[in-house]
Amino acid sequence: MAILVSQETRLLVMGISGRYARNQVREMMRYGSRVVAGVTLGRGGEAVEEVPVYDTVREAQQEHTAEAALMYVPAPGVREAAVEVLEGGLRLVVIVTEGVPAQDSAYIRALADERGAWVVGPNTAGLIAPGQCLVGSVPPIYTMPGPVGLLSRSGTLAFEVTRSLTEAGLGQSTVVAIGGDAVIGKNPAAYLQAFEDDPATAVVVMLGEVGGQKEHEAAAVVARMSKPVVALIVGRSVPAGKTMGHAGALIARQDQGAEAKEQVLRDAGCLIAETLWDIPALVRQALGPQEATR
Amino acid sequence: MQLFEWAGKELLREAGIAVPWGRLVHSPQEAAAACEELGGAAVMKAQVRRGGRGKAGLIRTVGSDEAAAVAAELLAARLEGEPVQALLVEESVAAGGEWYAAVTIDDLSGRPVALASLRGGVDVESESDPPSRLEINPLRGLLRHDAAELWRAAGLRGLALRSAAEALVGLYQVFVENDAVLVEVNPLFDRGDDPPVAGDAKVVLDESGLFRHPRWRDERLADPTLHPLERKAASLGVVYVDLDGDIAVLSGGAGATMALLDAILHHGGRPANFLDAAGGSGPETLRHMVDLVLEKAATDERVKAVVLNVTVAGTPLESFVKGAAAALGQRPSRVPIHGCVRAAAAAVRTMSLEEGRAVLAEYGIRLYPDLRQAVLAAIAVAREDK
């Protein structure tokens with residue numbers, strides 16, 4: 001088990017004909033992900049890595065009924081492409097693109113909510129259920145199957161921490177980069193709930209950032225979870241009013257800083273990591289001796 | 001990216017919202033002439049992006065005899081380092097009261113939200129009764145009766161409801177059409193049965209939306225408070241934030257880099273910059289990133305060491321190594337570079353990790369098996385230097 005995806009998940013790739021998308025599709029298929037269709041307008045009838053390409057989502061869906069879409073679409077086209085996949089009935093939409101206007105993301109999120117779909121991103125490296133399914137560019141070599149559910153605002157930080165968990169013998173149920181933008185499809189709170197409900201997950205690692213109130217909302221979920229949560233908040237050195245790479249990491253008010261967020265999470269029962277290197281030990285502590293060696 | 005008040009007001013006017021008559025001026029002579037046009041008395045407002053202009057004495061009511069002198073004084077002023085480059089000379093507006101209206105994006109719901117209050121003016125945010133809020137479904141938009149209900153919730157009654165609602169719908173229009181993340185009017189002057197007048201305009205645009213708005217594209221680079229390296233980086237597709245520490249950082253990925261800066265801080269060092277590739281990670285961008293850090297190290301005496309952190313899986317390791325070699329070949333580093341380089345999967349197809357590490361070592365970079373050791377080594381260098 002895992003959250004959001006499984007061995008059975010049928011994937012559709014939007015913008016499959018681009019060079020970056022091709023490379024990723026190759027890696028995903030090598031890992032065993034079931035990429036059943038691609039869509040690039042004007043390339044219908046071609047194939048990428050033996051995956052059939054269609055001009056539109058509707059056409060692809062008539063043949064394949066994919067459940068999850070992975071979008072490699074430049075920022076100006078993301079809103080329309082997302083509408084197309086949502087109207088095509090896909091229940092999971094992973095938007096890799098960086099630099100999507102916040103109002104486009106708000107529109108996509110509202111439409112997805114109306115249709116009961118789950119949007120990961122924008123500005124995400126994707127997700128992996130180790131041993132089952134890779135959607136996006138999480139390096140499989142850094143992962144192994146196990147009981148840790150990991151969610152992260154940042155892709156690169158998720159990679160670093162996942163690698164250190166694997167090196168410590170702590171495998172993962174699902175690793176998901178939820179998106180670095182201020183407006184994303186689902187907030188950390190929703191992922192925490194999904195991990196709480198996932199039988200394969202025994203402990204959760206949440207990698208958050210300064211800015212916004214999403215960790216405050218997450219704390220309310222942590223407080224009623226049965227599973228332990230280890231959290232790291234990065235961005236201590238971000239000067240107020242400046243953004244460091246992620247549009248979401250903007251400190252507009254006092255309670256959006258790292259210390260304030262850590263306090264709220266600690267009060268809710270989280271184990272707080274001081275640096276990224278403290279995480280494996282905290283996870284081991286949270287699991288208890290039996291679980292960790294299982 | 002925040003617009004100047006005058007530019008924000010232009011957008012409001014285009015959307016049909018009443019704003020005071022005014023002129024943008026750049027010299028005391030122009031300011032005096034604008035005052036004459038207004039019949040002698042005027043409000044003179046320094047055009048800076050930072051808040052707190054009123055408290056800093058940068059908004060003044062003047063008569064025509066003192067206009068030139070006050071303008072000269074304001075044009076020589078700075079607010080938190082930002083120089084005043086222009087003034088907005090406006091008619092003064094007789095108002096019954098000061099309201100507040102805004103449209104922004106709610107961080108939790110991810111939806112636009114409209115705010116309205118009959119108690120605007122200074123410190124509206126810290127008032128004990130906060131503005132009334134209305135969440136907007138972006139698939140539907142904000143209609144006049146929605147806005148009217150919001151103003152009613154804020155306590156407004158009577159004929160003024162109609163024009164206040166129309167003004168709020170106008171704000172939402174400015175918000176949507178310009179890809180703003182905030183459109184705020186404070187104060188919004190109560191004019192009784194006449195339409196309210198926007199006394200100020202704070203419009204913050206979404207930098208990700210600029211591809212749809214070429215008129216604002218160069219505005220960000222024009223910000224005089226940007227550090228020269230920040231301006232240079234922005235033009236190269238790199239996000240660079242200048243900090244005042246002793247350890248420069250050459251790293252990729254916003255989250256991993258923030259975590260690295262925090263770790264440096266935690267172990268007793270002080271980071272000197274933030275760095276992230278904004279527009280992909282091609283060989284050119286990687287080279288620019290190395291260049292920027294070398295320039296920082298070369299030009300800032302406070303920098304004692306550089307921490308290098310490279311973890312690549314999708315991006316070819318070769319791109320980074322070649323970029324770094326080219327940059328270091330042209331400008332060797334003034335300070336020692338301690339780092340950790342990891343690469344896996346597709347990244348090592350054209351260059352193995354051992355080859356990559358060997359090339360970097362040739363250029364004097366000291367590599368460690370894990371990043372923490374590199375951080376501790378760099379901090380030790382900075383300490384010795386003190």
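In this predicted model, B:K322 is partly exposed, because 17 other C-beta atoms lie within 10 Å. B:K322 belongs to helix 9 of chain B, which covers residues 317-330. From the C-alpha atom of B:K322 to that of B:G96 the separation is 67 Å, and the two residues are 226 positions apart along the chain.

That separation can be set beside the dimensions of the chain. Along the principal axes, the C-alpha atoms of chain B fill a box of roughly 75 × 50 × 40 Å. The chain contains 11 helices and 18 strands, and 46% of its 386 residues count as buried. Among the contacts in chain B with a separation of 6 or more, 70% are between residues 24 or more positions apart. As for confidence, the mean pLDDT of chain B is 92, with 97% of the residues reaching 70 or more.

B:E80, although not a glycine, has a positive phi of about 45°. B:E80 sits in the loop between strand 4 (78-79) and strand 5 (82-83) of chain B, and B:E80 counts as exposed because 11 C-beta neighbours lie inside 10 Å. B:D179 is likewise not a glycine, and has a positive phi of about 55°. The loop that holds B:D179 runs between helix 5 (160-177) and strand 10 of chain B. Here the neighbour count is 20 inside 10 Å, so B:D179 counts as buried.

The model also contains cis peptide bonds. In chain B, one joins B:N186 and B:P187, with omega about 5°; B:P187 lies in strand 10, which spans residues 180-191 of chain B. In chain A, a cis peptide bond joins A:G121 and A:P122, where omega is about 5°. A:P122 is placed in the loop between strand 7 (118-120) and strand 8 (126-129) of chain A.

Strand 7 of chain A leads on to a sheet. Seven strands of chain A form an open sheet with mixed pairing, in the order 3-4-2-1-5-6-7. Strand 3 (47-48) and strand 7 of chain A stand at the edges with a single partner strand each, so one side of each has no neighbour in the sheet. Strands of a sheet pair through backbone hydrogen bonds, either parallel or antiparallel. Strand 6 (residues 92-95) and strand 7 of chain A pair in the parallel sense over three bridges, and A:V93 stands opposite A:V119 of strand 7.

Helices also pack on this part of chain A. Helix 1 of chain A lies across strand 1 (10-14), strand 2 (34-39), strand 3 and strand 4 (51-54) of chain A, and runs at about 160° to strand 2. Helix 2 (residues 57-64) of chain A packs on the sheet as well, touching strand 1, strand 2 and strand 4 of chain A, and its direction makes about 150° with that of strand 2.

A further pair of helices in chain A is formed by helix 3 (residues 78-87) and helix 4, whose axes are 9 Å apart and meet at an angle of about 5°. Helix 3 and helix 4 of chain A are therefore roughly parallel to each other. On the side of helix 3 the contact involves A:V78, A:R79, A:A82, A:V83 and A:L86, and these meet A:D104, A:Y107, A:I108, A:L111, A:A112 and A:R115 in helix 4. Sorted by class, the contact between helix 3 and helix 4 of chain A has eight nonpolar, no polar and three charged residues.

Finally, the two chains can be viewed together. The contact between them takes 52 residues from chain A and 42 residues from chain B. On the side of chain A that touches chain B, the elements giving two or more residues are helix 1 (19-31), helix 4 (102-115), helix 5 (155-167), strand 12 (203-209) and helix 7 (214-223) of chain A. The largest share of that side, eight residues, comes from helix 4 of chain A. The residues of this side of chain A divide into 24 nonpolar, 18 polar and 10 charged. For the complex, the predictor gives an ipTM of 0.93 and a pTM of 0.93.

Note on methods:
Residues are numbered from 1 along each chain as its sequence is written. Chains are lettered from A and ligands numbered from 1 in the order in which they are written. This is a predicted model: local features need pLDDT of at least 70, side-chain atom pairs count only at pLDDT 80 or more; totals for chains, interfaces and linings use all residues. Two residues are in contact if their C-beta atoms, placed from the backbone, lie within 7 Å. Helices (H or I, at least four residues) and strands (E, at least two) are DSSP runs, numbered from the N terminus. Ala, Val, Leu, Ile, Met, Phe, Trp, Tyr, Cys and Pro count as nonpolar, Asp, Glu, Lys and Arg as charged, and the others, Gly among them, as polar. pLDDT is the predictor's confidence in each residue, from 0 to 100. Axes are lines fitted to C-alpha atoms, for helices over the stretch in contact, and angles run from 0 to 180 degrees between N-to-C directions. Angles under 35 degrees count as roughly parallel, over 145 as roughly antiparallel, 65 to 115 as roughly perpendicular and the rest as oblique. A residue is buried if 20 or more other C-beta atoms lie within 10 Å of its own, exposed if 12 or fewer, and partly exposed in between; C-beta atoms are placed from the backbone. Two strands pair if DSSP finds at least two bridges between them.
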